Amino acid sequence: MNSILKKASCVVLEAGNIIKEGWKKPKNIKHKGRIDLVTETDLAVELFLKEELSKILPGSSFLAEETAGNAELVDRTWIIDPLDGTTNFAHGLPMVATSVALWIDNSIALGIINLPILNEIFTTIKGGGAFMNGETIHVSDCASMEDSLIATGFPYAIEDHVDFITKALNKVLMNTQGVRRPGAAALDLAYLACGRYDGFYENALRPWDTAAGWLLVEEAGGTVSDYNNGEFNLFSPGILATNSKLHDSLGNILRSCL
């Protein structure tokens with residue numbers, strides 16, 4: 001698996017060059033929904049990743065946001081978000097990520113999150129720890145909600161979740177040092193894994209948003225569950241990820257808002 005991770009990481013870094021090139025050019029933006037965007041760069045990166053990753057594992061399948069979003073999750077499936085934070089990308093904000101995970105034997109075997117504009121790549125293998133630019137990372141040791149920095153995100157179908165979002169945001173803001181909302185869940189999970197955040201929660205994410213970050217957080221010593229502290233899966237309606245020490249406290253706040 002180390003060999004696969006090394007090869008896949010090289011591919012993801014190459015894909016990052018496509019994002020960097022697109023970053024410099026005028027954006028050709030289309031709408032998938034009222035506020036859900038897609039650009040030529042999203043599509044170019046996804047097609048590149050599918051082509052190159054299939055060479056690493058011939059015969060593997062893909063669950064990918066733009067071209068295979070309804071594919072089944074079967075053994076040896078690459079789970080891809082080519083450009084998490086497309087709205088950021090379209091507006092010239094650097095908080096964008098490529099997320100790639102490999103699903104084998106009913107679990108995430110490896111994960112890669114690349115932040116091409118910020119020049120940080122996060123990698124992990126199940127049972128092998130978590131890394132940023134090759135250096136070991138670990139979640140924070142913050143044990144107090146009032147000292148914590150929490151991240152969240154808002155789903156595209158905001159009208160379906162706005163009551164919970166505003167209620168939870170009010171309570172989290174009142175009980176913590178602050179809340180951040182960069183607009184890319186893969187980045188949020190990577191930042192949690194390396195100790196920049198102490199917790200993260202969000203509704204209505206898709207498998208490609210969370211697959212790599214889920215494993216990264218757990219390998220960095222964190223905990224991932226649904227809002228009710230149940231076992232998380234790639235199709236859970238909400239994700240709660242923390243440095244472990246704050247899991248019950250943040251979970252209690254979220255549960256009070258359901």
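Guide: The model is predicted, with local features needing pLDDT of at least 70 and side-chain atom pairs counting only at pLDDT 80 or more, while totals for chains, interfaces and linings use all residues. Residues are numbered from 1 along each chain as its sequence is written, and side-chain values use heavy atoms, leaving out hydrogens and water.

Visitor: How many disulfides does a search of the whole structure find?

Guide: The search finds zero. A disulfide is a pair of cysteine sulfur atoms within 2.5 Å. For Cys194, the nearest cysteine sulfur is that of Cys142, 15 Å away, and Cys194 is in no disulfide.

Visitor: Why is Cys194 called buried?

Guide: Buried means under 20% relative accessible area, exposed means over 50%, and partly exposed is in between, with a 1.4 Å probe and protein chains only. Cys194 has 19% relative accessibility, so Cys194 counts as buried. Cys257 is buried too, because its relative accessible area is 6%.

Visitor: How do you know that the buried residues of α7 are on the same side?

Guide: In helix α7 (residues 247–255), the buried residues include His247, Leu250, Gly251, Ile253 and Leu254. They cover an arc of only 160° around the axis, so they are on the same side of α7. The arc is that of the directions from the helix axis to the C-beta atoms. Helices (H or I, at least four residues) and strands (E, at least two) are DSSP runs, numbered from the N terminus.

Visitor: What makes α1 roughly antiparallel to α2?

Guide: The axes of α1 (residues 2–23) and α2 (residues 40–56) come within 10 Å and cross at roughly 160°. Angles under 35 degrees count as roughly parallel, over 145 as roughly antiparallel, 65 to 115 as roughly perpendicular and the rest as oblique. The crossing angle therefore makes α1 roughly antiparallel to α2. Axes are lines fitted to C-alpha atoms, for helices over the stretch in contact, and angles run from 0 to 180 degrees between N-to-C directions.

Visitor: Why is Asp105 called exposed?

Guide: Asp105 has a relative accessible area of 61%, so Asp105 is exposed. Asp105 lies in the loop between β5 (97–104) and β6 (107–115), and its phi is near 55°, a positive value in a residue other than glycine.

Visitor: What makes Asn119 exposed?

Guide: Asn119 is exposed because its relative accessible area is 52%. Asn119 lies in the loop between β6 and β7 (120–125).
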